[in-house]
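Work through these exercises with the structure open. Try each task before reading its solution.

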Amino acid sequence: MSTGRTHALADALAAGPVLLDGGLSNQLEAQGCDLSDALWSARLLADAPEQIEAAHLAYLRAGAQVLITASYQATFEGFGRYGIDRAGAGVLLARSVELARRATDAARRAGTGRRMWVAASVGPYGAMLADGSEYRGRYGLSVRELERFHRPRVAALAEAGPDALALETVPDADEAEALVRVAEETGLPFWLSYSVAGGRTRAGQPLEEAFAVAAGRDRVLAVGVNCCEPEEAQAAVEQAVAVTGRPAVVYPNSGEGWDAAGRGWTGRSTFDPGRVRAWTRAGARLVGGCCRVGPDRIAELAGRLAALPKR
């Protein structure tokens with residue numbers, strides 16, 4: 001499946017940086033949503049889709065050009081545990097794309113004057129387990145087993161007509177290999193984004209090895225990192241570009257830490273929109289924020305990008 005809009009995103013990246021949105025969950029919580037169950041934001045696809053659309057609109061108003069759908073933790077297996085059959089789960093997966101598309105349509109009617117795109121989020125296997133293993137990887141599954149897990153939902157998301165796929169928060173190069181193979185079957189462009197710590201994947205692999213998974217793949221829009229400490233981003237961007245020759249994608253967390261026992265965030269934000277100049281100089285073309293990076297920070301990034309010298 002391919003549309004003129006998907007080609008336009010690749011063209012836009014060739015012309016200069018494009019702004020992603022920020023953390024969906026923190027914006028939903030700011031709107032008063034309860035995200036305490038295992039389905040996280042994906043539950044709202046069934047229970048409160050209007051809240052997801054409102055969160056998307058908040059980021060578009062802040063200047064975002066690419067919306068990432070509320071499908072990170074949405075899987076047939078996860079929905080099945082809540083008594084939702086495969087047909088119903090397929091409807092919810094498609095709804096994640098439809099809600100983002102409706103938000104871009106509403107923003108367009110309001111006269112934003114910007115080009116906007118929708119990227120369907122494909123989170124790692126561990127996100128479905130909801131036990132934190134998406135930050136460890138190494139699930140004990142083969143690449144083929146991971147392909148079989150990801151293929152049905154990737155196909156369902158692709159059928160809903162996004163402009164691209166966001167293979168994001170990937171902790172493990174083996175899972176990246178599975179995701180890339182499945183994504184290529186759809187014909188859609190995609191980006192591959194690892195969650196990293198200490199200059200390695202969360203599973204402990206060297207980033208050079210991890211980024212090489214995307215090298216030479218025609219459908220790859222960008223390669224990089226997300227859901228990591230802001231301080232990790234610069235070196236990862238440089239390495240992603242060096243290994244793949246493709247634009248980099250970078251959208252780190254705020255820098256605060258999650259206290260699993262206390263169920264709350266600790267520390268202070270170290271997310272500095274001023275870093276975007278160095279990121280783009282190093283080859284980043286998709287830039288934004290992840291957990292705890294809200295519309296205010298995305299608006300700051302928009303301002304910083306607008307001030308960059310034109311190519």
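**Exercise 1.** Find which helices and strands each supply at least two residues of the lining of the largest pocket.

*Solution.* Start with the helix: H2 (24–30) qualifies. Next come strands S4 (164–170), S6 (196–197), S10 (257–259) and S11 (264–266). H2 gives the largest share, 4 residues. Helices (H or I, at least four residues) and strands (E, at least two) are DSSP runs, numbered from the N terminus. The model is predicted: local features need pLDDT of at least 70, side-chain atom pairs count only at pLDDT 80 or more, and totals for chains, interfaces and linings use all residues. Residues are numbered from 1 along each chain as its sequence is written, and side-chain values use heavy atoms, with hydrogens and water left out.

**Exercise 2.** State which residues lie nearest the centre of the largest pocket, and describe its lining by class.

*Solution.* The lining has 48 residues. Nearest the centre are Trp40, Glu134, Tyr135, Trp265 and Cys291. Now sort the lining: 19 nonpolar, 17 polar and 12 charged residues.

**Exercise 3.** List the contacts of Leu45 (heavy atoms within 4.5 Å), leaving aside neighbours within four places in sequence.

*Solution.* Leu45 touches Ile52, Ala70, Ala74, Phe79, Leu92, Arg95, Ser96 and Leu99.

Conventions: On a 1 Å grid over the protein atoms alone, a cavity is a set of points where a 1.4 Å probe fits but cannot get out, and a pocket is an open set with protein on both sides within 12 Å along at least five of seven lines; lining residues have an atom within 4 Å of a point. Ala, Val, Leu, Ile, Met, Phe, Trp, Tyr, Cys and Pro count as nonpolar, Asp, Glu, Lys and Arg as charged, and the others, Gly among them, as polar.
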